[in-house]
Amino acid sequence: MLLQRTKRPATDAIEHLVGMQAQVPNAPYIGLWSRLQKFTTDELAELVSGRRVVRLALMRSTIHLVSARDCLALRPVLQPVLTRAAKGWFGKKLAGIDTARVAAAGRKLVDKKAHTFSELGVALNKRFPSCDASALAQTVRALVPLVQMPPRGVWGSSGPAAHTSAEAFLNAPLGVDSSPDPLVLRYLAAFGPASVMDIQAWSGLTRMRDIVERMRPALVTFRDEYGKELFDLPDAPRPDPDVSSQPRFLPDFDNAILAHADRRRIVGDEDRKRLMINGSSVMSAFLIDGMVAGTWRIARDRGAVDLLIEPYHKLAKQDRTALAEEGNRLLAFVAPNVDEQDIRFIGSYA
């Protein structure tokens, strides 16, 4: 949905993308604004407040914004990812401890009253005094589907990242189907053509080769310029290679950048080093003709709002003009009631 903004409800877009990375609470608002016509902050804020979308750990054990029904359906499919991550991060600190008991105790606490991870760790430490408090809380995060309570994630509001279980928050049980097949099809619908390694990198699931091979008769295949086999849905849209793409502003950790193991389709190798801090954090980026061409950020000072754009390379005059026009629209979206707004190009290629 980055070639041309589409007219569809925010929930539909979120589900099409199979969730949106959301450890930065306002990131999905920018991601949806860049993809949808007439999208407003109120639309998503009302979905969050109304419990129609939720934020919880899913793909790659990272926080995603998903619809309520996807929360219940996807968590069982991705549970192996979270279980594996918890063992890798905290297994040694909880050696000899029955983590199922930890999870049960944690669920009881958060369903009685929403807890931050700090509060949850302290409370669990009273029952498991020999264990690291953080490891206890993070184990519950991995084994219990914890959703973040509003106003966390509501535009213009703030609040601690307090958690309760998805089942309690949505008053519904988790799904029972843990087959990854539907997830693979949905991923390809959003991000194909893609390789097996792309699917694994996006989801965090492992050993996907056999699953994709089983699904091969229902898919079409291609080879990329490096000879790698790519899979896609037969009726998926595949734009012409020469199609033009307007500038787009992407938020931190946007799906378009993180959806593949091979990210050369959207960011060059040298530019990726600048975009990804410490190899993991992904800065807010802008696209020129479908490729990452620099980063951006919003600066606020004494009632003024500036959009600071830092290109990675010298921009052609027409691209710079089009980017500034899109930047003015972004400022109008993030600060509609601020009269003093400006766009500033910074860095070596300003």
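Author: Helices are DSSP runs of H or I with at least four residues, strands are runs of E with at least two, and both are numbered from the N terminus. Axes are lines fitted to C-alpha atoms, for helices over the stretch in contact, and angles run from 0 to 180 degrees between N-to-C directions. The model is predicted: local features need pLDDT of at least 70, side-chain atom pairs count only at pLDDT 80 or more, and totals for chains, interfaces and linings use all residues. Residues are numbered from 1 along each chain as its sequence is written, and side-chain values use heavy atoms, with hydrogens and water left out.

The pair is helix 5 (residues 99-112) and helix 6 (residues 117-127), whose axes lie 10 Å apart and which pack at an angle of about 125°. That angle makes helix 5 oblique to helix 6; angles under 35 degrees count as roughly parallel, over 145 as roughly antiparallel, 65 to 115 as roughly perpendicular and the rest as oblique. Helix 5 and helix 6 have a right-handed crossing, where the near helix is turned clockwise from the far one by less than a right angle, anticlockwise being left-handed.

Contact means heavy atoms within 4.5 Å. From helix 5, Arg-101, Val-102, Ala-105, Gly-106, Leu-109 and Val-110 meet Leu-120, Ala-123, Leu-124 and Arg-127 of helix 6. By class, this contact of helix 5 with helix 6 has 7 nonpolar, 1 polar and 2 charged residues. Here Ala, Val, Leu, Ile, Met, Phe, Trp, Tyr, Cys and Pro count as nonpolar, Asp, Glu, Lys and Arg as charged, and the others, Gly among them, as polar.

Elsewhere, Thr-62 is found in the loop between strand 2 (53-57) and strand 3 (63-67). The side chain of Thr-62 reaches the backbone oxygen of Met-59 at 2.8 Å.

Key: A polar contact is a pair of N or O atoms within 3.5 Å; within protein, one must be able to donate a hydrogen and the other to accept it, and residues adjacent in sequence count only if both atoms are side-chain atoms.
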